[in-house]
Amino acid sequence: MLEKLDFLESKYKELNKKAMDPNLINEDREEWQRVMKEQADLEPVVNKYEEYRKTKEDLETAKEMLYEKIDDETKDFLKEEIKELESKVETLEEELKILLLPKDPNDHKNVIVEIRAGAGGDEAALFAGDLFRMYVRYAERNNWKVELMSSNEIGIGGFKEVIFMISGKGAYSRLKYESGVHRVQRVPETESSGRIHTSTATVAVLPEAEDIDIEINPSDLRIDVFRSSGNGGQSVNTTDSAVRVTHIPTGIVISCQDEKSQLKNKEKALKILKSRLYEMKLREQNEELAQMKRGQVGTGDRSERIRTYNFPQGRVTDHRINLTLYKLNNFIDGDLDEMIDALITTDQAERLKNIS
């Protein structure tokens, strides 16, 4: 581990020199930005390594002072300090191991979130709407931007399907653990007898595909335009602004009708298509990685039941890590950090186990 840290520190210093080179800044802006990004990625590791070395030095100094001629009070003070420094060294070693874990190359990306109502009829659609608002509020707490891409609303405030983009630093790194089946247990607003129903909604979190990630051949696309329709199928637009994009090789179909502009709907549909194709590409190319991930949290498997929201008991339970929080109202209002932090910590622990 120390050899790797020494190497990364040397690399960081080289990148620092490059970043300060006025010729690079003026002549190759793209390369300079790449250098700055790589340097920023390495900085937390290098700073932590520096803190680790300083703490080790302080520990050695304190141990050496024990052998000098000192009074009992000073000796007791040094023993206490040694104990604290040893504990700090252990903590820093664990933190360094986590920082050295292979990074998910998509962690810095924006995300496209797809929520679909599952079993439960109108109640499932209402729950899909609750999940949509939950993620919007979580995005607001993180100062991330939310853009609605496509939606199929029902008349009472829910969604059969809603697709939206969340843009912001670390969006995918935090939200990637949300993919899977979410289950709700509550008395539906549509139920007069007061019986508790169980309904489901499926969440898929896709990293936004960049142009360098995926290229679409225009001849592989069939693009149809039609008039937007609202609840009950009535037309809400007098022009053919809605767009349906079919990717012929895979059979993937994306429809967008939320914008009044046909061009904007087409752009959104292509963005969703790119992210779906990118997800497929990742699964195909990284089967070995996918198998490793299956033993961890955040597998992204859409068929896996990951969480239950029980309203009568006011609890939310994540089944992957057996964590139950009794603050459902806050959670559904976007207070997700405690759960997401626990998922990340468990994931890191599993990955450390696999490499140790």
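Tutor: Gladly! Helices H1 and H3 are oblique to each other.

Student: Why are H1 and H3 called oblique?

Tutor: Helix H1 (residues 2-19) and helix H3 (residues 29-65) pack at about 135 degrees, with axes 8 Å apart. Angles under 35 degrees count as roughly parallel, over 145 as roughly antiparallel, 65 to 115 as roughly perpendicular and the rest as oblique. The pair therefore counts as oblique. The helices are DSSP runs (H or I, at least four residues; strands are E, at least two), numbered from the N terminus. Axes are lines fitted to C-alpha atoms over the stretch in contact, with angles from 0 to 180 degrees between N-to-C directions.

Student: Where do these values come from?

Tutor: This is a predicted model, where local features need pLDDT of at least 70, side-chain atom pairs count only at pLDDT 80 or more, and totals for chains, interfaces and linings use all residues. Residues are numbered from 1 along each chain as its sequence is written, and side-chain values use heavy atoms, leaving out hydrogens and water.

Student: What makes H3 roughly antiparallel to H4?

Tutor: The axes of H3 and helix H4 (residues 72-99) come within 9 Å and cross at roughly 155 degrees. That angle makes H3 roughly antiparallel to H4. Their contact has 14 nonpolar, 1 polar and 10 charged residues. Here Ala, Val, Leu, Ile, Met, Phe, Trp, Tyr, Cys and Pro count as nonpolar, Asp, Glu, Lys and Arg as charged, and the others, Gly among them, as polar.

Student: How many aromatic pairs are there?

Tutor: The count comes to 6. One of them joins Phe 132 and Phe 159, with ring centres 5.4 Å apart and planes at 75 degrees, so the pair is edge-to-face. The rule asks for centres within 6.5 Å, and planes under 30 degrees apart count as stacked, over 60 as edge-to-face and the rest as tilted. This pair links distant parts of the chain, since Phe 132 is in helix H5 (residues 121-141) and Phe 159 in strand S3 (residues 159-167), 27 residues apart.

Student: Is Gly 314 buried, partly exposed or exposed?

Tutor: Gly 314 has a relative accessible area of 23%, so the residue is partly exposed. Buried means under 20%, exposed over 50%, and partly exposed in between (1.4 Å probe, protein chains only). By contrast, Phe 132 and Phe 159 are buried.

Student: What lies over the face of Tyr 49?

Tutor: Arg 53 does, at 4.6 Å from the ring centre. The rule wants NZ of Lys or CZ of Arg within 6 Å of the centre and within 35 degrees of the ring normal.
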